[in-house]
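Good morning, everyone, and thank you for making the time. I would like to walk you slowly through one protein, so please have the picture in view while I talk.

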Amino acid sequence: MKENKGTKEAEIIVAVPNVWLRLPIVDLLFLMRKGYIHVKSMTELYERVKKKSGGILIIDIFAYKESCPDTIARLKTENPTLAIVLLLSRDESVYAHYSESIDACFIVEKEKADKMLLPALHQALQKQQMLLNEKEVNLMGKEDGNILRRNFGRRTFLKGTAAAAAMAGAVAASPGSTVLQALAAGDDAQTTSLEEQIFAGACPACCLGGCSLNVHVRNGKIVKTSKRDFPDKKWNRICGKGLSHAQRTYEERRLKYPMRRVGERGEGKWEQLSWDEAIRYICEKWKGYQQEFGNSSIAYSFGGGNSTVCVNNYYKRLFNWMGGTFLFHMFDMAAVDSGGRSFGYGPWFFGNAIPDIINAKYIFMWGTNPTSSYKQNWHFVQEAVENGSKLIVIDPNYTTTASKGTQFVPIRMATDAALAMAMINIVVKEGLTDKEFIAQNTVGPFLVKESDGLYLRQSDLGGAANAENNAIVVRGADGKVGLPSEILNPVINGTFEINGVKVTTAYDLLLERTAEWTPEKASELCDIPVETIYELARMFAAGPTTIYTSNGIDHTGNGAPAYMAMYALAMITGQVAKPGAGLNGDESMALGTIFDCSSIIYPPGKVPGPVVPSLKLLDVLNEGKIGDTPLTLKSLYLSTSNFLRAQSERKAGIEAFKKLDLVVIADQYMSDTAKYADIVLPVCGYFEYESVLTMFNPFAKMTEKAIDPLYESKPDLEIINLLGKGMGLGDEFVVTRDEFYTKLMDNDACKAVGISWENLKKEKTMRYMPDDYIHGAYARSGGGAAFMTGAEAHSGNGSFPTATGRAQFYQEAFKPYLDYGQKIDQKKESLPYWEPPIEAWQDNPLSSKYPLIFATERSRLKANTGFTHVQWLLEIMPEPFAKINPQDAAARGIVQGDTIKVINDRGHMVLKAFVTAAVRPGMIVLNHGFEHDQFIDGDEGDLTSRAFNPAVPNNAYYDVLCEVKKM
């Protein structure tokens with residue numbers, strides 16, 4: 001922030017705990033280009049005022065426990081030249097006489113704040129000699145000639161300032177509160193209209209809800225959000241997050257204008273820039289890096305902070321044009337990659353449509369707590385249970401979901417693969433497999449060569465090595481070998497020698513791999529009774545059975561093979577691709593496949609830069625290479641991501657940022673990550689521009705522009721156009737929002753369901769997928785075959801959208817989804833297996849020092865950190881806390897509410913303890929989604945490790961050992 005030459009600005013302190021009362025004050029200070037300090041307690045206030053002489057204090061004095069007279073007296077004793085602006089309600093105004101004899105004390109009635117706050121602040125500013133002279137008010141504080149300077153009388157000053165505030169959209173309104181109306185335009189202001197407008201919206205938070213919203217606007221301000229009806233009302237839902245968008249829109253952390261860091265990283269010292277200055281600065285830097293270090297020296301990354309169609313796809317276009325490096329986020333990829341390998345990606349990801357769960361007799365809720373993490377669609381599970389389905393919850397901890405289950409199975413953390421493989425052994429031993437399904441719809445009958453682990457193909461039998469003769473072959477009971485379409489009843493067991501090549505069926509290889517996991521061995525490892533494992537296996541095979549899973553298992557280093565074992569169990573029992581049988585839940589969601597982004601993302605003739613795993617960023621910066629490929633990174637651009645909170649080992653991320661020359665963050669808020677940037681760019685709120693959300697349910701949802709962009713914020717599309725123009729790509733980055741969405745929806749799939757940009761703008765919400773979709777061979781509506789990827793050429797039957805056209809428990813020639821030159825054990829990764837997690841295991845020698853396993857749970861009130869500072873939600877859950885079992889708490893002398901320190905060799909966090917038997921002994925569980933400043937000390941992210949399984953590069957957030965000490 002720039003100062004007027006020759007003028008030393010006094011410090012402004014805001015001591016107003018109520019966020020709705022504080023917002024108009026903060027926005028007024030922004031309008032006047034005045035910085036401020038917000039204090040949260042009287043202790044902090046006293047420390048602040050006695051450090052300096054003078055200054056201005058704006059205080060809601062009765063919001064604190066101390067008496068009014070004593071507080072005023074102490075403040076003036078600590079700092080005699082302090083100017084105080086007292087906020088009092090009418091009922092409290094009787095105390096105003098205490099301030100009458102005190103110099104520089106100004107009274108503002110809260111109910112008349114719209115008229116009284118500005119002149120009181122003006123008088124305080126004059127008293128502190130903050131203006132160039134007492135008759136002149138500089139509202140803009142600019143030195144570049146763009147200065148608004150006028151001599152104001154009191155009435156003119158009020159009207160002029162309020163008009164400027166209204167034009168800038170700088171003042172927040174609160175429903176039902178006269179105190180928090182937009183600052184009124186002076187004494188002669190007319191009564192403002194309370195007429196309400198309602199706009200269509202959708203919640204783009206990354207909680208997999210995609211709920212439809214009504215956005216209510218009065219006098220140009222969002223005052224509330226409410227549930228909006230879908231065309232099919234069974235999808236209607238809204239949660240606390242969706243209801244709090246009005247507060248989120250006007251949150252005081254909103255970035256108001258572009259800024260450049262002027263202090264050390266994370267120090268919080270910034271200077272304001274114009275958009276022209278910011279874009280010019282970024283692009284000049286980027287052009288210099290490109291010339292000296294190559295196009296790949298500029299990296300970009302994004303996350304799930306905004307799930308609308310436009311944002312990340314258009315960013316990909318910009319950086320693909322530039323040849324920039326993609327820093328891949330690496331979160332939730334063990335779950336995503338395993339499902340795709342096993343079943344292929346369809347319109348509902350790799351599962352059945354969510355409403356299909358009503359057809360399940362057994363629902364295996366495996367490693368997820370959707371009553372908190374995915375509550376928008378929890379009612380589908382409830383309805384299934386009411387319809388007679390049995391809900392089996394497998395989880396280390398007793399969650400709210402577990403309390404709703406028919407049966408709770410408290411498994412030892414990170415042993416899910418062993419349980420699934422023991423269940424495979426039981427169903428095989430007891431003859432509960434579905435041999436026909438294995439033969440016709442899985443890779444079970446495919447013949448695997450002993451020599452290299454690849455499938456036997458026609459080319460191995462003497463055919464030419466061309467595409468046609470590269471088809472996989474199977475063997476019949478009569479010894480005949482041919483294509484699956486030719487061998488109607490292939491064998492699924494056996495080892496053979498064909499044309500001198502030794503082969504074994506993929507199904508037999510699965511049985512060999514899982515054979516060691518007897519129910520007894522798994523019982524000991526998983527801490528589950530043998531009888532329970534038998535019971536689970538028999539229920540699962542009886543079906544129809546749905547596996548409902550999500551990302552809990554994903555967050556350990558051995559998560560990927562666990563999913564593969566669970567899915568293999570589903571395949572061999574035929575609990576796939578049938579009504580009520582298959583995958584569902586958090587990992588079965590609408591992907592929006594009908595919108596064609598490919599031509600936008602991948603410009604013809606442009607070669608994208610390299611892809612780097614996010615957890616390798618620091619290594620790349622230190623070593624100057626990725627794998628064996630030289631790579632010099634100089635800049636990182638981040639959007640829709642609180643990177644330092646989304647990635648493991650926060651300190652390593654901060655260290656990496658310090659090694660980069662230029663970090664640019666485009667965000668709505670001053671997040672933990674933005675604090676470590678060099679440039680921050682303010683992005684519009686969700687309801688300040690037109691957008692489209694398609695994910696998470698079967699509807700395309702239009703979000704209308706409900707209000708003008710606040711402050712100087714811009715939508716991402718416009719920011720990308722500015723950057724494209726700044727990089728000399730002007731003709732390629734002039735697309736308007738209408739042009740973008742028109743092109744996106746101009747394809748046969750959209751036309752088939754009547755969706756176009758014009759139609760969507762009229763209808764607001766349009767269905768694009770059926771409710772009765774069944775993933776795979778028995779798909780009824782839309783069909784799995786419509787999403788095949790060359791499967792017919794390889795297998796001849798089956799209709800899973802995989803490379804073979806079949807469900808795959810065997811992975812031929814395993815290649816990681818992200819190949820950076822790492823070495824992979826092909827044989828191990830070809831089939832399910834169990835191995836200990838990277839760190840969080842009882843046999844790890846480190847466990848003698850750090851005996852507890854650290855994990856987090858998702859909150860009903862948060863979508864990662866997207867809603868973490870919303871005041872309404874903080875009233876319910878005001879601070880982070882760690883759950884600990886009574887047994888572990890007693891051993892450490894910890895009782896309910898104690899302050900504890902959680903530590904390991906990487907870092908620590910200090911927070912409150914919540915003692916509960918719902919947490920498994922040997923674990924602590926943190927309620928996830930808070931930011932750094934909300935911990936008493938330290939940080940959750942400082943405990944985590946960036947170590948990961950190279951076969952499936954993925955953040956392993958729960959693969960952490962720690963110890964807990966009472967403070």
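Predicted model: local features only at pLDDT ≥ 70, side-chain atom pairs only at ≥ 80, totals over all residues.

**A buried glutamate, and what lies around it**

Let me begin with Glu 688, which counts as buried because its relative accessibility is 1%, where buried means under 20% relative accessible area, exposed means over 50% and partly exposed lies in between, with a 1.4 Å probe and protein chains only. Residues are numbered from 1 along each chain as its sequence is written, and side-chain values use heavy atoms, with hydrogens and water left out.

Where in the chain does Glu 688 sit? It is found in the loop between strand S30 (679–682) and strand S31 (691–693); helices (H or I, at least four residues) and strands (E, at least two) are DSSP runs, numbered from the N terminus. If we leave aside neighbours within four places in sequence, the contacts of Glu 688 include Thr 249, Arg 254, Lys 705 and Asp 708, a contact being heavy atoms within 4.5 Å. Pro 715 is 27 residues from Glu 688 in sequence, and their C-alpha atoms are 8.0 Å apart in space.

Stepping back to the whole protein, we have 31 helices and 40 strands, and of the 967 residues 62% count as buried. Among the contacts with a separation of 6 or more, 73% come from residues 24 or more positions apart.

Helix H18 (residues 530–542) has 13 residues and should span 18 Å at 1.5 Å a residue, which agrees with the 19 Å between its end C-alpha atoms; the expected span is 1.5 Å times one less than the number of residues. The buried residues in H18 include Ile 533, Tyr 534, Met 539 and Phe 540, and the helix is followed by Gly 543, whose phi is positive, near 55°. In helix H19 (residues 559–572), 14 of the 14 residues are buried, so this helix is largely enclosed by the rest of the structure. Just after H19 comes Gly 574, with a positive phi of about 70°.

Now to the aromatic rings, of which a search of the whole structure finds 35 pairs. Rings of Phe, Tyr and Trp (its six-membered ring) pair if their centres lie within 6.5 Å, and planes under 30 degrees apart count as stacked, over 60 as edge-to-face and the rest as tilted. Why is the pair of Phe 319 and Tyr 637 called tilted? Their ring centres are 5.7 Å apart and their planes stand at 50°, so the pair is tilted. This pair links distant parts of the chain, with Phe 319 in helix H9 (residues 310–322) and Tyr 637 in strand S28 (residues 635–639), 318 residues apart. Phe 319 and Tyr 637 are both buried. Phe 326 and Phe 328, by contrast, pair edge-to-face, at 5.7 Å centre to centre and 85° between the planes, and both of these residues are buried too.

Finally, the cysteines: the search finds zero disulfides, a disulfide being a pair of cysteine sulfur atoms within 2.5 Å. Cys 750 and Cys 962 are each buried, at 0% relative accessibility.
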